[in-house]
Amino acid sequence: MSIRDRAALLLVDVQPDFMPGGALAVTDGDAILTPLAKLLAARRFSLAVATQDWHPAGHISFASRHPGRKPFDHISLYGHDQGLCPDHCIMGVPGAAIHPQLPGPLIDAIVRKGTQREVDSYSGFRNNWDATGRRAPTGLAGLLRERGITEVYVSGLARDVCVKWTALDAADLGFSTTVVWDLTRAVNPANDEPVRGELTSAGIKIAEFRDLI
């Protein structure tokens with residue numbers, strides 16, 4: 001397979017805190033590491049960009065911030081549903097790093113998200129809603145457009161949260177979008193069919209690792 005000149009591989013939140021044993025572990029999340037490293041090494045894409053959850057202490061998504069709440073509770077935040085999590089991916093701690101099994105020199109750029117204390121960010125492209133009702137951009141779309149990217153392939157964690165939101169935003173922003181299904185893992189695999197349906201309804205394609213290598 002030749003290099004896709006106007007295509008980017010997006011690696012969503014491939015960080016130790018989302019791996020087994022991490023603060024907000026996704027079951028079997030580490031199973032994507034070896035194939036992702038192989039895909040990066042194959043250089044099938046003209047650009048590889050990692051998103052990085054990068055929270056300040058006391059982030060609005062942390063259950064510890066909300067007295068009487070516990071991880072995986074839900075609250076209304078700025079008029080929208082907000083899931084609460086254990087403290088995770090705090091700026092500068094090892095669990096927030098891009099996973100060391102990914103070959104860093106082959107990742108062309110890192111876009112950090114969730115950096116504002118009062119606003120969460122599931123998508124790599126846009127924050128969640130803030131107090132004004134706005135979803136501010138992270139800068140990822142601008143980076144891709146400056147590099148002439150028109151097509152994105154989305155991988156990483158977790159399939160039913162940040163991967164889904166990233167893919168839906170990519171399609172909404174005009175990028176031809178594919179989710180590399182077996183290079184993602186879900187928080188709740190019971191969500192797989194609804195997630196797949198939501199993605200395909202938005203015009204997003206589904207691929208597998210074997211289709212790309």
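A residue is called buried when its relative accessible area is under 20%, exposed when over 50%, and partly exposed in between (1.4 Å probe, protein chains only). The model on screen is predicted, with local features needing pLDDT of at least 70 and side-chain atom pairs counting only at pLDDT 80 or more, while totals for chains, interfaces and linings use all residues. Residues are numbered from 1 along each chain as its sequence is written, and side-chain values use heavy atoms, with hydrogens and water left out.

**Stop 1: an aromatic pair.** Select Phe-45 and Tyr-153, both of which are buried. Rings of Phe, Tyr and Trp (its six-membered ring) pair if their centres lie within 6.5 Å; planes under 30 degrees apart are stacked, over 60 edge-to-face, and the rest tilted. The structure has 4 aromatic pairs by this rule. The pair of Phe-45 and Tyr-153 is tilted, at 5.1 Å centre to centre and 55 degrees between the planes. Because Phe-45 is in strand β2 and Tyr-153 in strand β6, the pair ties together parts that are 108 residues apart in sequence. Helices (H or I, at least four residues) and strands (E, at least two) are DSSP runs, numbered from the N terminus.

**Stop 2: the second largest cavity.** On a 1 Å grid over the protein atoms alone, a cavity is a set of points where a 1.4 Å probe fits but cannot get out; a pocket is an open set with protein on both sides within 12 Å along at least five of seven lines; lining residues have an atom within 4 Å of a point. Grid points are joined across faces, edges and corners, and a volume is the space filled by probe spheres set on the points. This cavity has a volume of about 40 Å³. Strand β2 provides the largest share of its lining, 3 residues.

**Stop 3: the largest cavity.** How many cavities of 30 Å³ or more does a search of the whole structure find? There are 2, and the largest holds about 60 Å³ of space. To see its lining, select Leu-77, Tyr-78, His-80, Asp-81, Gln-82, Tyr-122, Asn-128, Trp-129 and Trp-165. Strand β4 (residues 80–83) gives the most, with 3 residues. Within this selection, Tyr-122, Trp-129 and Trp-165 form one aromatic cluster.

**Stop 4: the largest pocket.** About 660 Å³ of space lies here. Of the 34 lining residues, Leu-24, Cys-85, Tyr-122, Val-161 and Val-187 are the closest to the centre. Helix α3 contributes the most to the lining, with 5 residues.

**Stop 5: helix α3.** Select residues 159–172; the buried ones include Arg-159, Cys-162, Val-163 and Ala-167. The buried residues of α3 pack against β1 (4–12), β5 (109–113), β6 (151–157), β7 (176–185) and α4 (192–201). Just after the helix, Gly-174 takes a positive phi of about 100 degrees.

**Stop 6: the cysteines.** The structure holds 0 disulfides, a disulfide being a pair of cysteine sulfur atoms within 2.5 Å. Cys-89 is in no disulfide either, with the sulfur of Cys-162 nearest at 9.2 Å. Cys-85 is buried, at a relative accessible area of 17%, and Cys-89 is buried at 0% relative accessibility.

Terms used
Contact means heavy atoms within 4.5 Å.
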